[in-house]
Amino acid sequence: ARATMGNVVGTKEVVVEARIDPLTLYLGKLADRRLGRIAIALFCGNARRAVVGEAWQEINLSLTDATYQKFKQVGIPYTIRVPVTEKARYVKLVVYDRRSDRVGARVAKVKER
């Protein structure tokens, strides 16, 4: 699964806005829905790239055909706030598609507010 980083801001917490490419996910079809399940891990690192915050989340996807067509163009929006123990400089987002057993990752620098 591919993801691109959007705005990454913060000092006591990092707010990550990402877009996940649905074309890289296995989404089964049931009636008028596209179904899938992804796991997301997010790691925030300091200037020495030591982990200073992390988040783990599992997401069940259930997209209508219309929503799926829209997300094919713009990506599936994903936003999360991650508390950090000190100033974060980097963020690594990992997306795991359980059904296809594929992993995608992106790293971005943290922007100050």
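Trainee: Over how many bridges do E4 and E7 pair, and in which sense?

Mentor: The model is a predicted one, in which local features need pLDDT of at least 70, side-chain atom pairs count only at pLDDT 80 or more, and totals for chains, interfaces and linings use all residues. Residues are numbered from 1 along each chain as its sequence is written, and side-chain values use heavy atoms, with hydrogens and water left out. Strands (E, at least two residues) and helices (H or I, at least four) are DSSP runs numbered from the N terminus, and two strands pair if DSSP finds at least two bridges between them. In E7, Leu93 is the bridge partner of Leu42, and E4 pairs with E7 over eight bridges in the antiparallel sense.

Trainee: In E5, which residue is the bridge partner of Arg37?

Mentor: E4 and E5 are antiparallel and pair over 13 bridges. They form a hairpin with five residues between them, where Arg49 in the turn has a positive phi of about 65°. In E5, the partner of Arg37 is Asn60.

Trainee: Which residue takes a positive phi in the hairpin of E3 and E4?

Mentor: Strand E3 (residues 28-30) runs antiparallel to E4 and is joined to E4 by three bridges. Gly28 stands opposite Leu35 in E4. Two residues lie between the strands of this hairpin, and the positive phi, near 55°, belongs to Ala31.

Trainee: Why does Arg98 count as partly exposed?

Mentor: Arg98 is found in the loop between strand E7 (90-97) and strand E8 (102-109). Leaving aside residues up to four places away in sequence, Arg98 is in contact (heavy atoms within 4.5 Å) with Arg37, Ala39 and Glu58. Arg98 counts as partly exposed because its relative accessibility is 38%.

Trainee: What separation lies between the C-alpha atoms of Arg98 and Ile38?

Mentor: Ile38 is one of the residues with the most contacts inside the largest nonpolar core. Arg98 and Ile38 are 60 residues apart along the chain, and their C-alpha atoms are separated by 6.0 Å.

Conventions
Buried means under 20% relative accessible area, exposed over 50%, partly exposed in between (1.4 Å probe, protein chains only). A nonpolar core is a set of buried Ala, Val, Leu, Ile, Met, Phe, Trp, Tyr and Cys residues joined through side-chain atoms within 4.5 Å.
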